[in-house]
Amino acid sequence: VTTMFEPWNMKFSSYVWKPELEPYDAEGHGHSNTGGHGFAKPYAAFTLITTTYDYAQFMLQMIQGNNPFALKPDSVQEMLRPQVTVNDHIAWGLGWGLTSGSDGTVFWHWGDIGNFQCVAMGSRDSRTGVLIMTNSEHGLPVCADLIRATFGEEYEKPIRTVINENW
């Protein structure tokens with residue numbers, strides 16, 4: 001059975017908990033919004049269970065666009081086109097947040113289910129990306145600091161907005 005994860009070689013990813021993921025499981029620190037290993041039903045917006053290696057495969061495709069079996073260039077272009085403007089530093093593409101600064105536009109996404117928080121940010125222009133996954137309810141501020149160190153202060157604004165407005 002082919003899954004959506006196979007084109008990116010994401011062998012340790014799923015939208016529902018599977019026993020074969022146990023060796024890659026991390027223990028969360030702080031409040032859990034799931035009460036265990038994940039949600040009982042799959043929801044594309046927030047139940048992804050993955051590893052840093054697997055998600056990095058997807059990030060590389062988004063940054064480099066060199067996997068002909070995964071995303072077509074027109075699809076990536078549409079994903080990274082502003083569809084909705086939120087404020088002066090955040091727009092939504094399709095599945096990605098977008099923010100622009102002096103070094104161009106970056107795409108980003110975050111996850112927060114309490115005791116697991118993460119941020120991914122990438123730039124097709126500079127072919128740079130960062131993926132930060134934490135197992136703490138206090139992970140997003142660390143993620144924002146690492147985004148600032150990687151991309152610059154202006155690019156941490158969307159993550160600070162997520163934190164400050166409690167999205």
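A salt bridge is a side-chain nitrogen of Lys or Arg within 4 Å of a carboxyl oxygen of Asp or Glu. This structure is a predicted model, and a search of the whole of it finds 6 salt bridges. The count of disulfides is 0.

**Salt bridges**

- Side chains of opposite charge can pair when their charged atoms come close.
- E78 pairs with R81 in a salt bridge, and their closest N and O atoms are 2.7 Å apart.
- E78 is partly exposed, because its relative accessibility is 31%. R81 is also partly exposed, at 39%.
- D145 forms a salt bridge with R160, with 2.6 Å between the closest N and O atoms.
- D145 sits in helix α3 (residues 139–151) and R160 in helix α4, so this pair ties together parts that are 15 residues apart in sequence.
- D145 has a relative accessible area of 34%, so it is partly exposed. R160 counts as partly exposed too, at 25%.
- R160 also has a salt bridge to E156, where the closest N and O atoms are 3.0 Å apart.
- E156 is buried, with a relative accessible area of 8%.
- Shared partners link D145, R148, E156 and R160 into one network of salt bridges.

**A buried aspartate and its surroundings**

- D54 belongs to helix α1 (residues 52–64).
- D54 is buried, yet it has no salt bridge. Its nearest side chain of opposite charge is K11, 8.2 Å away. A salt bridge needs the atoms within 4 Å.
- Setting aside neighbours within four places in sequence, D54 contacts N9, M10, K11, F12 and S13.
- S13 is found in the segment before α1. It is buried, because its relative accessible area is 4%.
- The side chain of S13 makes a polar contact of 2.8 Å with the side chain of D54. Another polar contact, of 2.6 Å, joins the side chains of S13 and T50.
- Beyond four places in sequence, the contacts of S13 include F5, K18, L21 and L48.
- M10 is placed in the segment before α1. It is buried, with a relative accessible area of 8%.
- Not counting residues up to four places away, M10 touches F5, T50, D54, Y55, Q57 and F58.
- M10 and S126 are 116 residues apart in sequence, and their C-alpha atoms are 24 Å apart in space.

**Strands and hairpins**

- Strand β3 (residues 97–101) pairs with strand β4 (residues 104–112) in the antiparallel sense, over 5 bridges.
- A hairpin of 2 residues joins β3 to β4. S100 stands opposite T105 in β4.
- β4 also pairs with strand β5 (residues 117–123), in the antiparallel sense and over 6 bridges.
- W108 stands opposite M121 in β5.
- The hairpin of β4 and β5 has 4 residues between the strands. In that turn, G114 has a positive phi of about 90 degrees.

**Cysteines**

- The structure holds 0 disulfides. C118 is in none, and the nearest cysteine sulfur, that of C143, is 7.0 Å away.
- C143 is likewise in no disulfide, and its nearest cysteine sulfur is that of C118, at 7.0 Å.
- C118 is partly exposed, at 24% relative accessibility. C143 is buried, with a relative accessible area of 0%.

- Most residues other than glycine have a negative phi.
- R127 is not a glycine, although it has a positive phi of about 55 degrees. R127 lies in the loop between β5 and β6 (128–134).
- R127 is exposed, because its relative accessibility is 51%.
- S13 and R127 are 114 residues apart in sequence and 24 Å apart in space, C-alpha to C-alpha.
- N166 has a positive phi of about 55 degrees and is not a glycine. It lies in the segment after α4 (157–164).
- N166 is exposed, at 69% relative accessibility.

Conventions:
Residues numbered from 1 in each chain as written. Predicted model: local features only at pLDDT ≥ 70, side-chain atom pairs only at ≥ 80, totals over all residues. Heavy atoms only, no water. Pairing = 2+ DSSP bridges. Disulfide = S-S within 2.5 Å. Buried < 20%, exposed > 50% of the residue type's maximum accessible area, 1.4 Å probe, protein only. Lys, Arg positive; Asp, Glu negative; His and termini not counted. Contact = heavy atoms within 4.5 Å. Polar contact = N/O pair within 3.5 Å; in protein donor to acceptor, adjacent residues only side chain to side chain.
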